[in-house]
Amino acid sequence: MRTDVFGRLQDGISPGRDMRDDQKDARMQQIEGVAYDLLAQVGYGGASMLKVARAAKASNETMYRWYGDKRGLFAAMVRRNASDLRDQLDAGRVAQTAPEDSLRQAAPALLQMVLGDKAILLNRAAACDASGELGQVIAAEGRDQIAPRISALIARLPDARADQVRAQTDLFLSLLIGDRQIRRVIGTLPAPGTEETRAEADLAVTRFLLLLRS
């Protein structure tokens with residue numbers, strides 16, 4: 001890191017040079033990692049852009065240029081946490097993978113994401129955020145991005161009904177997630193292992209397909 005004549009950190013960028021995409025992405029991951037740490041320590045209300053910038057040794061200019069504002073920062077964190085699953089669902093649609101196969105592949109990834117430490121930390125902080133802003137961000141960048149992709153996948157199943165896809169999506173998510181996320185949030189359920197996640201996800205898909213065919 002270096003500072004300019006005003007003592008502001010410049011995130012390793014020399015004057016007149018732009019950070020490469022891979023460097024920028026790596027730096028953003030570092031900043032967002034610091035934001036998660038602050039979220040755990042001081043909650044959403046206390047995790048200001050200035051505090052994140054100072055803890056990450058980043059300039060305010062960089063923070064606001066990359067994220068826009070605090071809401072933008074946390075929206076980026078939620079998007080990144082869901083990015084692998086989102087990409088997997090999109091790739092399956094493009095490749096026209098058999099819908100049941102796609103559902104069985106996506107289910108453990110979805111369950112792992114919603115029960116993962118980052119999602120749980122975000123949801124714990126949202127529960128304590130009286131403004132409701134963080135909850136809105138999580139909904140907009142998480143469920144509102146993933147659920148339509150699950151719906152598109154379910155709509156391709158042979159036994160799906162076009163007029164019931166939304167209800168069928170809600171049913172699938174209920175079977176898959178149930179009360180597990182809230183139990184993780186309140187600390188009564190430990191983080192599941194990979195094999196447990198796969199087994200629970202496979203069982204949920206099997207039950208869902210049976211109900212769909214009944």
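These legends go with a set of views of one predicted model.

View 1. Start with the overall fold: the protein has 10 helices and 0 strands. Walk along the sequence and the pattern reads α-α-α-α-α-α-α-α-α-α. Laid out on its principal axes, the C-alpha trace spans about 70 × 40 × 30 Å.

View 2. The pLDDT averages 90 over the protein, and 92% of the residues score at least 70.

**View 3. Where H2 meets H3.** Here we zoom in on helix H2 (49-56) and helix H3 (60-67). Their axes come within 9 Å and cross at roughly 115°, and the crossing is right-handed. On the H2 side, the contact is made by Met 49, Leu 50, Val 52 and Ala 53. H3 answers with Asn 60, Met 63, Tyr 64 and Tyr 67. By type, the residues of this contact split into 7 nonpolar, 1 polar and no charged.

View 4. Check its backbone: Lys 57 has a positive phi of about 55°, even though it is not a glycine.

**View 5. The largest pocket and its middle.** About 430 Å³ of space lies in this pocket. Its lining counts 20 residues. Which of them lie nearest the centre of the pocket? Look for Met 113, Val 114, Arg 143, Ile 177 and Gln 181.

View 6. Two or more lining residues come from each of helix H4 (70-95), helix H5 (99-115), helix H6 (117-127), helix H7 (133-155) and helix H8 (165-177). Which helix gives the largest share of the lining? That would be H7, with 6 residues. Sorted by type, the lining of the largest pocket comes out as 13 nonpolar, 6 polar and 1 charged.

Technical notes:
Residues are numbered from 1 along each chain as its sequence is written. This is a predicted model: local features need pLDDT of at least 70, side-chain atom pairs count only at pLDDT 80 or more; totals for chains, interfaces and linings use all residues. Side-chain values use heavy atoms; hydrogens and water are left out. On a 1 Å grid over the protein atoms alone, a cavity is a set of points where a 1.4 Å probe fits but cannot get out, and a pocket is an open set with protein on both sides within 12 Å along at least five of seven lines; lining residues have an atom within 4 Å of a point. Grid points are joined across faces, edges and corners, and a volume is the space filled by probe spheres set on the points. Helices (H or I, at least four residues) and strands (E, at least two) are DSSP runs, numbered from the N terminus. Ala, Val, Leu, Ile, Met, Phe, Trp, Tyr, Cys and Pro count as nonpolar, Asp, Glu, Lys and Arg as charged, and the others, Gly among them, as polar. pLDDT is the predictor's confidence in each residue, from 0 to 100. Axes are lines fitted to C-alpha atoms, for helices over the stretch in contact, and angles run from 0 to 180 degrees between N-to-C directions. A crossing is left-handed if the near helix is turned anticlockwise from the far one by less than a right angle, and right-handed if clockwise. Contact means heavy atoms within 4.5 Å.
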